[in-house]
Amino acid sequence: MSSLLWAVVLLPAAIGAVLALVGHRLDKAAAPAAVVTAAAGLVLAVTAAVLHPSAGAPLVVAGGLDLAVDPLGALMLVTSASAVLLIVIFAAGDVQEHRARFFGLLLIFSAAAATTATATALPGLLLAWELMGACSFALIGFPWRQARTVGSGTTAFLVTRTGDLGLYLAAAAAVAGAPGLALADLPAAHEPWRSVAAAGVLAAAIGKSAQLPASFWLSRAMDGPSPVSALLHSATMVALGTFLLLRTTDLLAATSWASATAAWVGVVTAVVLGAVALAQRDLKQLLAASTASQLGYVVLAAGIGSVSGGAVQLVAHAATKALLFLAAGAWLSLLGTKQLSALRGAGRRWPVVGVCAAVGLASLAGLPPLSLWAAKDGVLAAAREVSPALYVAGLLGAALAAAYTAKALAVLLGPEPRITTSPTTREDEDRTGTGDHGSAAAHRTSDAGGVVGLQRVPLVVLAAAAAVLGALVLPPVAQRLRGALDGADAPPATPSVGELVLSGVVALVVVGVVTATQLRRSSPTTSSVPSSSSSSSSSTAAGPGARWRQGRLRTWLQDWLGLEAAAHALVVRPVVGLATVLARWDDRGLDRGVSAVAAAATSTARGAARFDDRRVDGAVRSVAAAARAAGRLARRSQSGQLHRYYAAAAVVLLLAAVLLALAPSA
């Protein structure tokens with residue numbers, strides 16, 4: 001059984017490593033190899049989900065690489081493997097350069113995700129967590145010739161890496177105060193180590209899942225290829241941040257503060273990032289903000305202890321967001337733009353992509369009977385049992401989701417605009433960054449080919465999943481999930497009929513109002529960018545002060561609350577400034593001290609060398625000269641003439657007689 005789980009992890013890792021290391025020589029075979037490997041990985045993942053194997057290997061003294069497939073891990077493992085297969089199939093027709101390196105990194109990334117989903121102890125989790133972060137850096141910055149994308153990958157890596165330090169803090173707390181490094185042992189740690197471990201897990205999960213205040217890295221990650229965005233946002237890196245909180249709900253509940261903190265971080269992120277998504281003019285930026293917002297409900301579920309509710313939201317969101325990012329990637333390839341103003345009518349021009357994207361957007365809006373309608377209500381039902389304030393805030397986030405989704409729906413499925421060359425249109429294109437990729441570009445490519453057949457398959461499958469996965473919240477499936485995933489004290493995650501009707505009505509009303517407003521503003525009988533004039537006239541009626549405040553608020557929201565600028569001001573610049581000061585002190589202080597010590601040592605050595613040459617060597621030479629002189633004198637007495645020996649003996653006897661005579665008598 002353990003070999004099955006090792007195969008789930010090691011098969012994509014090995015094939016991915018070969019592709020990434022060999023490089024362009026395997027470009028032609030990379031896509032087929034990746035598809036076959038991902039398909040085999042899905043089969044192995046489903047088998048593991050049924051058989052629940054476990055495996056282990058020594059890694060460090062305090063713990064090893066321990067893996068196991070429990071019900072929550074099985075759900076995440078199958079979801080991740082399914083998303084990887086569909087995204088790899090789409091990328092096979094989308095990515096044309098450096099394919100071996102791209103698909104190799106993608107498979108290694110999926111292996112790290114599988115390890116994270118099945119790790120039961122901190123050493124294995126840390127290994128997979130770090131590998132996942134490194135692969136995300138390489139994949140986001142995959143177009144390495146573009147400085148912007150490399151910088152975005154670096155930003156994503158550094159922000160998530162800062163949060164990752166929390167897992168090391170949790171490991172240190174486990175060593176100090178827990179009976180072991182297993183995740184299940186952390187709730188039994190002694191205080192204050194239990195709180196330290198909970199804080200570390202929260203920091204790592206918030207960083208990876210792009211919750212406030214670490215959300216801005218998700219905006220920069222949109223500079224990477226669209227298949228990478230789909231993979232990050234659906235069932236791997238960002239989703240696994242929230243999965244870690246679902247895995248450690250017992251640890252959060254064992255403290256007096258961590259559960260409430262997680263719940264409020266999640267619901268505040270759902271509301272605030274929903275407002276950020278509503279203000280976006282870039283489709284991928286809108287989807288990115290919606291990812292942080294929607295995953296806020298999973299964090300909320302972890303905070304209130306509803307593992308089953310959070311897991312269903314996670315799975316439904318994975319299918320919906322993978323679908324939408326792949327559709328955005330298809331339009332980016334076809335039209336060369338992500339700007340909403342340039343995508344008017346794009347859903348009509350390519351019906352397969354348009355219909356699938358419409359299903360995904362309707363699900364994201366919470367329209368019944370699609371998946372996120374029921375999934376989100378499952379989390380809200382559990383929140384209502386814990387705190388009415390959490391329920392109301394979550395419902396507000398759902399209304400915002402309906403609003404920003406309706407905005408995208410109206411643009412993508414609305415009528416195509418007429419081409420005008422008015423100064424207002426050009427000014428708007430320059431301001432939104434549309435430029436030559438605006439409406440004119442859309443019309444220039446109206447005769448271009450559509451999405452290839454291979455790429456349609458993932459879109460259709462994901463659209464079907466986005467439509468039906470909400471059934472996981474409804475009885476009797478919900479009861480089985482709750483029995484397998486939740487504890488005895490967990491709040492019920494099955495919404496009542498009234499709650500389902502309320503959220504559905506709210507979503508329908510908001511979608512209807514926003515869609516009607518957007519379609520009226522984008523009517524082709526006015527101009528290509530009528531929204532500018534409409535908003536201008538309404539703002540003028542409200543007065544210059546209100547217009548200025550609205551503009552500032554809109555810019556602030558479009559800039560993701562200025563979080564990146566705040567991070568640079570509060571963290572990056574102080575750290576760089578401190579590093580600069582320390583570097584100067586190192587150059588002027590430490591280096592000078594080291595140089596002075598070295599100079600003193602050199603001077604001392606030279607003095608010692610002179611003393612050795614002039615004194616020690618001179619003394620040695622004097623002793624040697626005296627020895628040679630004594631030797632010469634001694635050789636003179638050895639002449640071989642007997643009369644000299646007799647004379648010498650007589651002198652010795654004479655001296656002896658004198659000594660005897662002078663010696664005092666006894």
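**Salt bridges and burial**

Modeller: Arg 384, Glu 385 and Glu 499 are linked in a network of salt bridges. This is a predicted model: local features need pLDDT of at least 70, side-chain atom pairs count only at pLDDT 80 or more, while totals for chains, interfaces and linings use all residues. Residues are numbered from 1 along each chain as its sequence is written, and side-chain values use heavy atoms, with hydrogens and water left out.

Colleague: How many salt bridges does the count come to?

Modeller: A salt bridge here is a side-chain nitrogen of Lys or Arg within 4 Å of a carboxyl oxygen of Asp or Glu. Arg 384 and Glu 385 meet that rule at 3.5 Å, N to O. The count comes to 9.

Colleague: How far apart in sequence are the parts that Asp 70 and Arg 247 tie together?

Modeller: The side chains of Asp 70 and Arg 247 meet in a salt bridge at 2.3 Å, N to O. Asp 70 lies in the loop between strand E2 (64-68) and H3, and Arg 247 in helix H10, so the pair ties together parts that lie apart in sequence by 177 residues. Helices (H or I, at least four residues) and strands (E, at least two) are DSSP runs, numbered from the N terminus.

Colleague: Is Arg 247 buried or exposed?

Modeller: Buried means under 20% relative accessible area, exposed over 50%, partly exposed in between (1.4 Å probe, protein chains only). Arg 247 has a relative accessible area of 18%, so Arg 247 is buried.

Colleague: Which residues does Thr 79 contact, leaving aside neighbours within four places in sequence?

Modeller: Thr 79 lies in helix H3 (residues 71-94). Thr 79 is buried, with a relative accessible area of 13%. Contact means heavy atoms within 4.5 Å. By that rule, and with neighbours within four places left aside, the partners of Thr 79 are Ala 235, Val 315 and Ala 318.

Colleague: What is the relative accessibility of Ala 235?

Modeller: Ala 235 sits in the loop between helix H9 (226-234) and helix H10 (237-247). Not counting residues up to four places away in sequence, Ala 235 touches several residues, including Met 76, Ser 80 and Leu 240. Ala 235 counts as buried because its relative accessibility is 0%.

Colleague: What share of the 666 residues in the chain is buried?

Modeller: The chain's secondary structure comes to 27 helices and 2 strands. Of its 666 residues, the buried share is 51%.
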